[in-house]
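Here's a quick briefing to read alongside the model. Have the sequence and the 3D view open, and follow along topic by topic.

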Amino acid sequence: MAIGEFGGAPAVPDDNGLLLSAPLYWFYEMSHAALNPSRAWADATRLFFKNPINPLSFTTLGKSVAAACELFERSTRRYGKPEWRISSTLVGAERVPVHVSTVWERPFCRLLHFERTFEHRPKRPQPRLLIVAPMSGHYASLLRGTVEAFLPNHDVYVTEWLDARMIPLSEGGFDLDDYIDYLISILHALGGDISMVAVCQPSVPVMAAVSVMEMDDDPYVPHAMVLMGGPIDTRVNPTAVNTLAERRGIDWFRHHVITKVPFPNPGFMRDVYPGFLQLNGFVSMNLDRHIEAHKQLFLHLVRGDGDSAHKHREFYDEYLAVMDLAAEFYLQTVDTVFVRHALPKGEMTHRGRPVDPGRIKRVALLTIEGEHDDISGVGQTEAAHRLCVNIPPDRRAHWLQPDVGHYGVFNGSRFRSEIAPRIADFVLTMSQPSRIAHDGVGTRRSGKGVALHTV
């Protein structure tokens with residue numbers, strides 16, 4: 001199942017949707033607490049009708065009751081932060097263990113290292129790769145497939161943004177400027193010799209961070225930055241989400257979707273854009289598809305199709321797990337990226353200093369887009385090339401992936417077979433300038449779709 005809402009733009013209800021006032025978060029918490037006895041009853045009933053000792057468990061009636069109870073429990077529960085569930089990877093012909101550890105941490109983010117333990121060092125170079133996950137409502141673990149695709153050939157690091165609901169007010173605020181500072185601090189902590197992959201929403205702050213570092217002649221700039229389905233210029237081929245954000249303006253968002261974290265959460269009284277509202281926006285964009293998916297889950301459970309039911313649970317355990325965003329970051333991002341289009345207009349600033357992508361010279365650029373992306377429209381990410389005018393032509397390229405939507409840009413079978421190998425080749429080539437060949441990344445073509453071409 002594809003996701004069309006992850007990371008590209010603010011997902012908010014339509015004009016007839018939910019208008020958020022401050023007490024609503026409190027009512028939301030109270031409703032969850034009030035449903036606890038019903039969830040417990042539904043779960044106990046499900047177990048009763050699934051127990052093989054119960055003769056009804058073998059009947060259509062018993063299976064239907066158990067399925068209905070499971071749907072109720074799953075539809076009303078609060079989904080916690082998912083685990084990464086990556087314990088090993090295949091490097092060449094060797095299955096190697098993977099240990100996930102935190103190597104850098106700040107109040108709103110931790111940097112995870114997916115460390116592989118080799119018995120025999122692989123012959124192929126293993127470039128270091130920093131994957132910048134979106135801070136857009138879902139947890140970074142939604143990039144599990146992205147990480148798994150890169151692990152066989154890269155030393156992978158991932159930003160794991162933290163739930164603002166769990167961060168005490170005493171830790172201070174967090175806005176887009178802080179986000180950029182975090183990225184620069186991470187690159188310094190890693191000591192250079194690394195490439196960056198920005199998945200969707202981080203494309204703008206990644207480009208801004210690299211621009212600031214180039215302006216300062218920072219020695220720790222990455223070898224390459226890969227921007228995937230990102231909203232660099234949402235004026236290009238605007239989607240319904242882009243148009244909605246621009247039409248409403250920043251004041252609407254400030255007055256209707258920002259609230260305070262209720263007691264007894266650690267972030268009590270922090271201003272946030274709540275995850276449940278973001279999820280409401282996600283689901284409402286494709287409501288028919290989600291209703292059909294849950295209808296199919298009921299039928300799979302009744303028929304005893306365990307594999308299909310497991311796939312549904314696995315997907316929605318991830319999809320329905322959302323986190324709150326710091327209000328300052330959310331509002332500044334909406335205003336800068338989707339309302340004022342500050343980056344492509346040359347009006348974006350960081351700590352009062354202009355952000356000029358034209359200063360980027362040492363960092364290679366690869367942009368990736370999906371043919372059917374309905375969140376970041378085709379051309380919005382490629383616009384980065386018009387801003388980074390001083391990157392040499394042989395150090396930048398663009399790829400338009402056929403037959404994928406927003407989610408398919410960074411996950412799924414086509415990502416694994418067609419996009420990830422191109423990123424790997426680009427990163428490897430740009431990490432070793434002496435190995436750049438005339439027939440390399442810039443001229444390779446696929447038997448299907450749009451050529452990976454220099455811009």
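Which residue in β10 is the bridge partner of Y273? It's L325. Before going on, note that this is a predicted model, where local features need pLDDT of at least 70, side-chain atom pairs count only at pLDDT 80 or more, and totals for chains, interfaces and linings use all residues. Residues are numbered from 1 along each chain as its sequence is written, and side-chain values use heavy atoms, with hydrogens and water left out.

**The sheet**

- Y273 and L325 belong to the pairing of strand β9 (residues 271-273) with β10, which is antiparallel and runs over 2 bridges; strands here are DSSP runs of E with at least two residues, helices are runs of H or I with at least four, and both are numbered from the N terminus.
- Two strands count as paired if DSSP finds at least two bridges between them.
- The sheet is an open one of 3 strands, ordered β8-β9-β10 and paired antiparallel.
- β8 (259-260) and β10 (325-326) sit at the edges with a single partner strand each, so one side of each has no neighbour in the sheet.
- As background, strands of a sheet pair through backbone hydrogen bonds, either parallel or antiparallel.

**Salt bridges**

- A search of the whole structure turns up 20 salt bridges, each being a side-chain nitrogen of Lys or Arg within 4 Å of a carboxyl oxygen of Asp or Glu.
- One of them joins the side chains of R144 and E318, at 2.8 Å from N to O. R144 lies in helix α3 (residues 144-150) and E318 in helix α9 (residues 306-319), so this pair ties together parts 174 residues apart in sequence.
- R144 is buried at 11% relative accessible area, and E318 is buried at 7%; buried means under 20%, exposed over 50%, and partly exposed in between (1.4 Å probe, protein chains only).
- D178 forms a salt bridge with R351, with the closest N and O atoms 2.7 Å apart. D178 lies in helix α4 and R351 in the loop between β11 (349-350) and β12 (353-354), so the pair links parts 173 residues apart in sequence.
- D178 counts as buried at 17% relative accessibility, whereas R351 is partly exposed at 44%.
- E73, R74, R77 and D317 are linked in a salt-bridge network.

- R362 and E214 form a salt bridge, and their closest N and O atoms are 2.7 Å apart. R362 is in the loop between β12 and β13 (364-370) and E214 is in helix α5 (residues 203-215), so the pair ties together parts 148 residues apart in sequence.
- E214 is buried at 5% relative accessibility, while R362 is partly exposed at 37%.
- Why is α5 largely enclosed by the rest of the structure? Because 13 of its 13 residues are buried.
- α5 reaches 18 Å from its first C-alpha to its last, close to the 18 Å expected (1.5 Å times one less than its number of residues).
- Just after α5, D217 takes a positive phi of about 55°.

**A nonpolar surface patch**

- W26, F27, M30, L169, F263, F268 and M269 form a nonpolar patch on the surface, with about 730 Å² of accessible area together.
- Patch residues have over 30% relative accessible area and no salt bridge, with like charges joined within 9 Å and nonpolar side chains (Val, Leu, Ile, Met, Phe, Trp, Tyr) within 5 Å. Accessible areas come from the Shrake-Rupley method with a 1.4 Å probe, and for residues only the protein chains shown count as cover.
- L169 is in the loop between β5 (155-161) and α4 (176-190), and is partly exposed at 47% relative accessible area.
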